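I open the notebook on this chain and go through it entry by entry. Each entry starts from something I wanted to look up.

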Amino acid sequence: MTTDIPRVEPVARAAPVGSAAPMGAGAPVGAAPVATLEGVAALAGVSKSTASRVINGSPRVTEQAVMRVNAAIAQLHYVPNRAARNLARRRTQMIAMVIPERTAAFFADPYFAEVIQGAAMYASSTDYTLTLLIESEADAEKTHRFLQSGSVDGALLLSHHSSSATYLELSRSLPVVFGVRPVDDLEFEAHTVDVDNVAAAAIATQRLIDQGRTRIATITGPLGATAARDRLAGWRATLEAAGFAGGSASAPGLELVDEGDYTPASGAAAAERLLARGVPFDGLFVASAQMASGALSVLREHGLSVPGDVAVSTIDNNSFSTDTKPQLTTVDLHTSEKGAEMVKALLALIEGEAIKRETWIPIELVERGSA
């Protein structure tokens, strides 16, 4: 190929995105020639490999080479062939949001939709496409095989139960960011973007104490999950700091604790079990707004007013916290921001950047009528 590249006047049209045809080859009569990497290198007076390194942002080039190549790109209106670049770097420009949850639980929980929305909005501002994978209930290995097939450049793990050692093992060979600290993360250096669940529970519980409540019960999430255990720990530590060991000033030896699974029905069932114990309580911290909405209905059925007889606080600022009567005092976890930060962290890992092992999303108390 000749290196005698004619000067392209500024009135020439920019090449279509992804174009890579040789200059003048197959171009329609009267159309401006399509710029190529070879043409850029020749005009800049550098090798093709040097021009490629400049375009790909490599630090292994001189400042003079960068200036000359960029000037040639501007003059020729060169548009890099993204597909070729990705092939050379073995990139797909695809990332996956993996949901290891039952399909029914995924569609019923607004938490997932909010995190995914934040992730999708951030991804849309980049060159990457976000794809959603709901783990097969019948064959979980199908999802693992897909992730290991080279179809994506990295994965985001979002689950209430992200304790699978297989996903931790996957992070050895594929950039992975977890949305919940993995339970099995003992020897692995997993990267996590999450909230401080201990602090969230402490804020919600302290709100009840500040309202003068002295017998405070709790409904936890599934205690096989890290977040649920952390929220229970936050409730317990806050009560102990206030002198309410065990959850009650009058019955310090008895913990008023019951477990749910983050659904409204489980919150209702747990509230029934707490009331059936016959130990009165005047405050209730519920580990999720979904469960709190179910618990409210049970308290009302038993003739207890909220917040008159029982003040209620919870976590998650979503429709389940605002569609109740009264509306729920809650801790906002900024889940949409969490989704964006997960993508940001993953793209940094894909690019080989060193990032913090844990990124914490800020939280805040939202005061409403229940407490």
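**Aromatic pairs.** I am working on a predicted model, and I looked for aromatic rings first. I found 1 aromatic pair in the structure. Tyr 111 and Phe 112 form the pair, with ring centres 5.4 Å apart. Their planes meet at 70°, so I log the pair as edge-to-face; the cut-off for that class is over 60 degrees. I then checked accessibility: Tyr 111 and Phe 112 are both buried.

**The open sheet.** Next I asked myself: in what order do the 6 strands of the open sheet lie? I read the order as β7-β6-β8-β9-β10-β12, and the pairing is mixed. β7 (257–259) and β12 (364–366) stand at the edges. Each has a single partner strand, so one side of each has no neighbour in the sheet. From one strand to the next, the twist averages 20°.

Strand β6 covers residues 216–220 and runs parallel to β7, joined by 3 bridges. Across this pairing, I see Thr 220 opposite Glu 259 of β7.

I also looked for a helix against this sheet. Helix α9, residues 197–210, lies across β6, β8 (283–286), β9 (311–315), β10 (329–332) and β12. The angle of α9 to β9 is about 165°.

**Strand β1 and its partners.** I turned to β1, residues 94–99. Is β1 mostly covered or mostly open? I count it as mostly covered, since 5 of its 6 residues are buried. I then listed the pairings of β1. With β2 (residues 129–134), β1 runs parallel, and 6 bridges join the two strands. With β3 (residues 154–157), the pairing is again in the parallel sense, over 4 bridges. Val 98 has a bridge partner in both strands: Leu 133 in β2, and Leu 157 in β3.

**Helix α2.** Which residues of helix α2 (residues 48–55) are buried? I noted Thr 50, Ala 51, Val 54 and Ile 55. They span an arc of only 140° around the axis, which places them on the same side of α2. An α-helix has 3.6 residues a turn, so residues three or four places apart point the same way.

**Arg 172.** I looked up where Arg 172 sits: in the loop between α8 (165–170) and β4 (176–178). Its relative accessibility is 55%, so Arg 172 counts as exposed. I also took a C-alpha to C-alpha distance to Ala 190, and got 9.2 Å. In sequence, Arg 172 and Ala 190 are 18 residues apart.

**Whole chain.** The chain has 371 residues, and 48% of them count as buried. Its secondary structure comes to 14 helices and 12 strands. I also checked contacts between residues at least 6 apart in sequence: 69% of them join residues at least 24 apart.

**Confidence.** The average pLDDT of the chain is 83, and 81% of the residues score at least 70. Residues 1–31 have a pLDDT below 50. Beyond near neighbours in sequence, this stretch has 38 contacts in the model. Where pLDDT is low, the predicted coordinates should not be read in detail.

How values were computed
Residues numbered from 1 in each chain as written. Predicted model: local features only at pLDDT ≥ 70, side-chain atom pairs only at ≥ 80, totals over all residues. Heavy atoms only, no water. Phe/Tyr/Trp six-rings, centres within 6.5 Å; stacked < 30°, edge-to-face > 60°. Buried < 20%, exposed > 50% of the residue type's maximum accessible area, 1.4 Å probe, protein only. Pairing = 2+ DSSP bridges. Axes fitted to C-alpha atoms, helices over the stretch in contact; angles between N-to-C directions. Contact = heavy atoms within 4.5 Å. pLDDT = per-residue confidence, 0-100. Arc of directions from axis to C-beta.
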